[in-house]
Amino acid sequence: MPKTVVGLFENPGLADSVIREIEALGFPRKEIQTIAEPAIFEVTGVMSFPRLDFEVNLIRGLTRIGATKAEAQAYVKGLRRGGALVFATGSDERVEAAADIMNRDGAVQIEKSSGPEPQLPGIVRENMTPMRDSSVQAGRVREPGTGASFFVW
C-alpha cells in the first residue's frame, strides 16, 4: 500500500525548497506534489463557487488517503492563510526521509487526532451478533512531536 507524508508550510517558498531536497533523495517528480490556494478563483456563472469547490475537492482527497475530516479542514485553513501543502509518496524509507526534511524545514503541526475514526454503530437485529472488523488497512500514522503526517492508503 502506498505511504504518503504530508507537510503544511506557512511559507510557500519553503515548500519549493523542501521539494528540491526531496527530489535529491531520488523521489520521482511524479511522486511529489504541492498544493497552494490559487490567488484568483475564476467565477464562471451565478452558481459558480470556485473556492468552495477547491476546498471540498481537497478535503475529499485528503480523507481518501486517511486524514480525518478535522485534519483535512486544518490543512485547508493553513492554505487559506497562505500556506502550501507538500505530499511525497513512496517506500517507507523514502517517505520517512522526506518527513525528516519536512520537519527540519518547518512543517506546521496540525490538530492532533489519535486512533482510527470512531466506528459507527452496526445494525443489530434480534439473534444477530454485531460484526466489527478491528483491523485497519488504511489511515494515519502519527510520529509524536512532528509537523509532517503519514498516511497509508
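## What counts as buried

A residue counts as buried when its relative accessible area is under 20%. Asp105 comes in at 18%, so this residue counts as buried. Keep that cut-off in mind, as burial comes up again and again below. One more thing before the tour: the model you're looking at is predicted.

Where does Asp105 sit? You'll find Asp105 in the loop between α4 and β4, with β4 covering residues 139–141. Setting aside neighbours within four places in sequence, Asp105 is in contact with Phe9, Leu14, Ser17, Val18 and Glu21.

## The overall layout

Let's step back to the whole chain. The protein has four helices and five strands, and reading along the sequence gives the pattern β-α-β-α-α-β-α-β-β. Of its 153 residues, 39% count as buried.

The largest nonpolar core has 19 residues, and the members that touch the most others are Val5, Ile22, Val86 and Met102. At least two residues of this core come from each of β1 (3–9), α1 (12–24), β3 (84–90) and α4 (92–104). Helix α4 gives the largest share, with five residues. There's also a second, separate core of 18 residues, and Leu58, Ile65, Ala67 and Val108 are among them.

Not counting residues up to four places away in sequence, Val5 touches Val86, Phe87, Ala88, Val95, Ala98, Ala99, Met102, Ala148, Ser149 and Phe150.

## Phe87 and its neighbours

One of the residues Val5 touches is Phe87, which is found in strand β3. Is Phe87 buried or exposed? With 10% relative accessibility, Phe87 counts as buried.

Now try finding Thr4: Phe87 and Thr4 are 83 residues apart in sequence, yet their C-alpha atoms are 6.6 Å apart in space. Leaving out residues up to four places away in sequence, Phe87 touches Thr4, Val5, Val6, Glu31, Ile32, Gln33, Ile35, Leu62 and Ile65.

## How α1 meets α4

Two packed helices are described by the angle between their axes and the distance between the axes. For α1 and α4, the axes come within 10 Å and cross at roughly 150 degrees. That angle makes α1 roughly antiparallel to α4, because anything over 145 degrees counts that way.

The crossing of α1 and α4 is right-handed. On the α1 side, the contact is made by Val18, Glu21 and Ile22, while α4 brings Ala98, Ile101, Met102 and Arg104.

## How α2 meets α3

The other helix pair to look at is α2 (residues 50–64) with α3. Their axes come within 9 Å and cross at roughly 135 degrees, so α2 and α3 are oblique to each other. This crossing, too, is right-handed.

Which residues make the contact? Helix α2 contributes Phe54, Glu55, Leu58, Ile59, Leu62 and Thr63, and α3 contributes Lys69, Ala72, Gln73, Tyr75, Val76, Leu79 and Arg80. Glu55, which lies in α2, counts as buried at 9% relative accessibility. Apart from residues up to four places away in sequence, Glu55 touches Glu37, Val76 and Arg80.

## A closer look at α3

Helix α3 takes in residues 69–80. At 1.5 Å a residue, its twelve residues should span 16 Å, and the end C-alpha atoms are 16 Å apart, which agrees. The buried residues here are Glu71, Ala72, Ala74, Tyr75, Val76, Gly78 and Leu79. After the helix comes Gly82, whose phi is positive, near 100 degrees.

Lys77 also belongs to α3. The C-alpha atoms of Lys77 and Glu55 are separated by 9.5 Å, and the two residues are 22 apart along the chain.

Terms used: Residues numbered from 1 in each chain as written. Predicted model: local features only at pLDDT ≥ 70, side-chain atom pairs only at ≥ 80, totals over all residues. Heavy atoms only, no water. Core = buried A, V, L, I, M, F, W, Y, C linked by side-chain atoms within 4.5 Å. Buried < 20%, exposed > 50% of the residue type's maximum accessible area, 1.4 Å probe, protein only. Contact = heavy atoms within 4.5 Å. Expected span 1.5 Å × (residues − 1). Axes fitted to C-alpha atoms, helices over the stretch in contact; angles between N-to-C directions. Parallel < 35°, antiparallel > 145°, perpendicular 65-115°, else oblique. Left-handed = near helix turned anticlockwise from the far one by under 90°.
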